[in-house]
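Colleague: I have a model open and want to learn how to read it. Can we go through it feature by feature?

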Amino acid sequence: QQKKANKKAKRQLPPAAPVPAFAKKGIDWLVEAQHTSGGWGAGSHAKQQNLDPSKVKLDPATTAFSAMALLRAGHTPTSGTYRDALRKAATFLIETVERYEKPGPRITDITGTQPQAKLGPLVDTTMTTQFLARLLPLLSKKDALRERTDAALDKCLKKLQMSQQQNGSWVAGGWAPVLQSSLGCTALELAQAAGKNIDLKKLDRARKYQQGNFNNKTGKANAAAGAGVELYAFSGAQRASAGQARAARDLVREAKRRGELKADDQVNEENLRKIGVSSDKAKNLANANEAAEAQAKRLSDETLLRGFGNNGGEEFLSYLMTSESLIITGGDTWKQWNSKINSRLSKIQNPNGSWNGHHCISSPVFCTAAVLQCITTDRDAAILIQVADKAADRQDTKDAPKVSSKR
């Protein structure tokens, strides 16, 4: 079933572009920065000036984020030039989860890291959940890591779901906690795509919390939970709407192919209901599509894209979320954005192949991992489009909070 879903997704996009030469240099640097234990670290918030990856404490969030960059570039624990590095990272994270026996949402006692201080205290759990969900479908049943990965993912998912707040976010505490909550939402989507039976009520709440930060009519995002930086809330809302937006478009496109809708019929709530989509689901999908259209119009707004004013890990993470959103929704907007963002990021690469931030998350490991995932997003199209497939298939829950496009 997983292979069929992958083949279906691949048919919906042209072949991924080769990894750019400047990105390959970044991948080489990232692997060289890996510690012998398999982990990476971003360093502490108190020592942002330390840009030496060999002199920082390792942390699960940065390890998972770096490992996902290798996955996206085409390396797995069993294939690719850097399969050994990927396997060591996977083992590091699995052992971290296995060893941590304390109750609650955390998977580590490490505190004060740059990702925790800036994104939120549960970022280790959210990012590790994402990585394990990406890893699991790549492992054969005979692989020694398969059962351990499955069990570690279940453990992380339990912690992630039980720690979600009623409004759909995850506990605040970081400088821009809207980003941590966005990562939590994506973690649930990826776990669902990997075949896990997640709580759909919680996924609804997670999406709607993010979507609630964006006003479809004005095209503006509420940056209250994003340190006052609109980009962070904007990209989180965009990522949360993407799967449902594509689901709405795919349903309407298929209905036109079957002759149930006219060729010029629009993607809206009325037409979704006309083809048999339930009332609540039609409203949610149509609202997400409206948001995605409004968000696409803002991608040339330099005031928005500058974020805090100079690049930090938060900016790079936001660009990554936008790239993922546009791969999911599809169309020419992705091509235009990808050309623009690749040009933008290639110009600020360090001579050694890395990228680093100039505020908040300054870590070259974290920033390089974010940039690499951003500029190779199309190589993950199959798994990302499964998010839309799941959004089209699922049933809405009655008690999920409603989101109005008229906020």
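Colleague: What does the protein average in pLDDT?

Modeller: pLDDT is the predictor's confidence in each residue, from 0 to 100. The average here is 91, and 92% of the residues score at least 70. This is a predicted model: local features need pLDDT of at least 70, side-chain atom pairs count only at 80 or more, and totals for chains, interfaces and linings use all residues. Residues are numbered from 1 along each chain as its sequence is written, and side-chain values use heavy atoms, without hydrogens and water.

Colleague: Which residues in the largest nonpolar core touch the most other members?

Modeller: In soluble globular proteins, nonpolar side chains tend to be buried together. A nonpolar core is a set of buried Ala, Val, Leu, Ile, Met, Phe, Trp, Tyr and Cys residues joined through side-chain atoms within 4.5 Å. Buried means under 20% relative accessible area (1.4 Å probe, protein chains only). The largest core has 103 residues; F65, L119, M127, F131, Y319 and L345 touch the most other members.

Colleague: Which residues does Y319 touch, not counting those up to four places away in sequence?

Modeller: Y319 touches L231, L305, N311, W337, I341, R344, L345 and C374. A second, separate core has 13 residues, including A247, A255, L272 and A282.

Methods. Buried means under 20% relative accessible area, exposed over 50%, partly exposed in between (1.4 Å probe, protein chains only). Contact means heavy atoms within 4.5 Å.
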